[in-house]
Amino acid sequence: QVQLQESGPGLVKPSQTLSLTCTVSGGSITANYHYWTWIRQPPGKGLEWIGHIGYQGSIDYSPSLEGRTSISRDTSRNQFTLQLSSVTPEDTAVYYCARHDPKRPGLDYWGRGTQVTVSS
């Protein structure tokens, strides 16, 4: 059973960089053909796709966040990370990591999510 767990600070000040880590267990982040994804949900709004890193290390970002977003991985720790720079209160959201299997629709495994608040 694949499990994902987000970790990182719950409070970030405006203009700083938000950093989150997703630790994966029960499966390797380099295994064919999965994509390891970051999503967020601002209060009162729908889910927003942030980006993903593929099993071979390829990365795609949401056009609306590209330029502020960086996704990377540590294969030795089976983790992938999200950095979002120059944050504003509009970046306040519950942040999720999840897995996408191209053979199936949607995201098949999710972390529980972590609340990140941007406030001074």
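Let us start with contacts: two residues are in contact when they have heavy atoms within 4.5 Å. Among contacts in this protein between residues at least 6 apart in sequence, 52% join residues at least 24 apart.

This is a predicted model, in which local features need pLDDT of at least 70 and side-chain atom pairs count only at pLDDT 80 or more, while totals for chains, interfaces and linings use all residues. Residues are numbered from 1 along each chain as its sequence is written, and side-chain values use heavy atoms, with hydrogens and water left out.

The protein has 11 strands and zero helices (DSSP runs numbered from the N terminus: E of at least two residues for strands, H or I of at least four for helices). Its radius of gyration is 14 Å, close to the 14 Å of the globule rule for 120 residues, so the protein is as compact as a globular protein of that length (taken over C-alpha atoms; the rule is 2.2 Å times the number of residues to the power 0.38). The C-alpha trace spans about 40 × 30 × 25 Å along its principal axes.

There is one disulfide, counted when a pair of cysteine sulfur atoms lies within 2.5 Å. Cys22 and Cys97 form this link, with their sulfur atoms 2.1 Å apart. The pair joins distant parts of the chain, 75 residues apart:

| Cysteine | Strand |
|---|---|
| Cys22 | β3 (residues 18-25) |
| Cys97 | β9 (residues 93-100) |

The link is right-handed, with 65 degrees about the S-S bond. Both Cys22 and Cys97 are buried, meaning under 20% relative accessible area (1.4 Å probe, protein chains only).

Terms used
Buried < 20%, exposed > 50% of the residue type's maximum accessible area, 1.4 Å probe, protein only.
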